[in-house]
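Colleague: I have a few questions about this model. Could we go through it together?

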Amino acid sequence: MEKLLFKDIDEPGLNTIDVYRRRGGYERLRKALAMPREAVLNELLASGLRGRGGAGFAMGKKVSFLPKGAMDVYLCCNADESEPGTFKDREIMQKNPHLLIEGIIIAAYAAGANKAFIYIRGEYVLQADILDAAIAEAYAAGFLGENILGSDHSLSLVVHRGAGAYICGEETALLDSLEGKRGNPRLKPPFPANQGLYQGPTLINNVETLSTVPFIIEMGGEEYAKLGVENSTGTKLVSVSGHVKRPGNYEIELGMRSRDIIYGLAGGPPDGRKVKLWFPGGSSSPVLTGSDEDLDLPYDFDTMAKAGTMLGSGAIIVVDDSTSVVEVAYKTAYFYRHESCGKCTPCREGTNWTLKMLDRIRKGEATPMDLDIIASVCENIMGHCLCVLGDAMAMPVSSMVKKFRAEFEEEIERRRQEADLASAMPEPELPLIQGAVA
């Protein structure tokens, strides 16, 4: 497969405008600006490009939802990338920032946006510095600012650094954070397309999605749609981590067999080990097992949904048979309990209850009935929160309990026996210190 996003990604100096332009950079922008805005939008619609950040909503449709009129329209690039197991956007920003900038300018032109922001997570200090330098180069070359390349399109672009909160990856919490408020999710509707940043129409997409836009303009939407499979067009960056021999970022064509990603590209688990479970789309996705049936699934949006999980951000986390599923569930719940903003009750209380129940198993205090309580708590969380953070904890944990219940029950019994044995052992007598009063 010919790569798009990762073509020559390791070329020295690719992060500078000189090397980027030598490779044809910003020529797609010239082509787009020579087209009517509606024509650029039509190419995005024809491409079938679905958002690469998690929800998988069609980008062209998002743009088409923006109201028309004489008002400020905003574009926000979600570069928070805080989903555990996801690190693909970081590589684009670090090694090829001008590709993202060119994609932002083209998308802003199609949307009629005149102000753009890149909201980047606070931990990405190096990547934010590289983006700042690249944006300065783009301004100096006339690709940003007033009347870009002599057109009627003007755009300002600013990098905004977050402060390390997972919740700010949720689009409305991101908007609140951009406005200087605490990063809390907003009640929807209204949706950001109608009332987003500063109450204005706002287009929000992640780094990978916007970085794909120049290739759609270069190839044409219909040609791009020939890559991948129906309803899951194009290429996709996947971040593979966990128990594999070659963890890292890989660019694949959607529809590739999951086994070929985990065992082929990433080398599979260490010798002598088998895949126990894997997260197809980051830690918030329901897990799949290491069965042949699950590993042979095509890796695309619709197939993952039919299998009861989701492609999400494209972060595949592999867990082999050396690891306790109870520990995986506990650490997953711990993360989301810690990152909950606490604004809504189902998430605030549900994540805390789930973590406490899993901790009871680890301490040898649980019975099999606790597994039913965990499943019930997770069921009451899903679909009842202001945003998807509560679901992001409930979906993977409940899927682990459902698919590995026998192992959970074995762990409950083993831990209880260990706890009973420890409590039955007499306390060791400590020797008196010489000279101390008995």
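Colleague: How many salt bridges does the count come to?

Modeller: The count comes to 41 salt bridges, where a salt bridge is a side-chain nitrogen of Lys or Arg within 4 Å of a carboxyl oxygen of Asp or Glu. Please note that this is a predicted model, in which local features need pLDDT of at least 70 and side-chain atom pairs count only at pLDDT 80 or more, while totals for chains, interfaces and linings use all residues. Residues are numbered from 1 along each chain as its sequence is written, and side-chain values use heavy atoms, with hydrogens and water left out.

Colleague: Which residue forms a salt bridge with Asp129?

Modeller: Asp129 is paired with Arg161, and their closest N and O atoms are 2.8 Å apart. The pair links distant parts of the chain, 32 residues apart: Asp129 is in helix H7 (residues 125-140) and Arg161 is in strand S3 (residues 156-161). Helices (H or I, at least four residues) and strands (E, at least two) are DSSP runs, numbered from the N terminus.

Colleague: Is Asp129 buried, exposed or in between?

Modeller: Asp129 counts as partly exposed, because its relative accessibility is 41%. Buried means under 20% relative accessible area and exposed over 50%, with partly exposed in between (1.4 Å probe, protein chains only). Arg161 also counts as partly exposed, at 38%.

Colleague: And where is the partner of Arg273?

Modeller: Arg273 forms a salt bridge with Asp321, with the closest N and O atoms 3.5 Å apart. Arg273 lies in the loop between helix H11 (258-265) and S9, whereas Asp321 lies in the loop between S11 and helix H14 (325-339), 48 residues apart. Arg273 is partly exposed at 41%, and Asp321 is partly exposed at 35%.

Colleague: What about Arg414 and Glu411: how far apart are they in helix H18?

Modeller: They are three residues apart in helix H18 (residues 405-424), so about one helical turn separates them. Arg414 is partly exposed, with 37% relative accessibility, but Glu411 is buried, with 9%. Both belong to one network of salt bridges that share partners, which also joins Glu327, Asp359, Arg362, Lys363, Arg415 and Glu418.

Colleague: Changing topic, what is the strand order in the open sheet of five strands?

Modeller: The order is S8-S7-S11-S9-S10, with mixed pairing. Strand S8 (248-253) and S10 stand at the edges; each has a single partner strand, so one side of each is left without a neighbour in the sheet. Two strands pair if DSSP finds at least two bridges between them.

Colleague: Does S7 run parallel or antiparallel to S11?

Modeller: Strand S7 (residues 235-242) and strand S11 (residues 315-320) run parallel and are joined by four bridges. Among the bridge partners, Ser239 goes with Ala315, and Gly242 goes with Val318. S7 and S8, in contrast, run antiparallel and are joined by six bridges, with Thr235 partnered by Glu253. These two strands form a hairpin with five residues between them.

Colleague: Why is S7 largely enclosed by the rest of the structure?

Modeller: Seven of its eight residues are buried, so S7 is largely enclosed.

Colleague: Which residues touch the most other members of the largest nonpolar core?

Modeller: They are Tyr26, Leu75, Leu100, Ile101, Ile104, Ile105 and Ile118, in a core of 63 residues. Helix H6 (residues 97-111) gives the most to this core, with eleven residues. A nonpolar core is a set of buried Ala, Val, Leu, Ile, Met, Phe, Trp, Tyr and Cys residues joined through side-chain atoms within 4.5 Å. A second, separate core of 50 residues includes Tyr119, Ile204, Ala366 and Val401.

Colleague: What is Ile118 in contact with?

Modeller: Leaving aside neighbours within four places in sequence, the contacts of Ile118 (heavy atoms within 4.5 Å) include Cys77, Leu100, Leu131 and Val159.

Colleague: Lastly, is Ser284 buried or exposed?

Modeller: Ser284 is buried, with a relative accessible area of 8%. Ser284 lies in the loop between strand S9 (275-279) and strand S10 (288-289). Not counting residues up to four places away in sequence, Ser284 touches several residues, including Glu83, Tyr166 and Met310.
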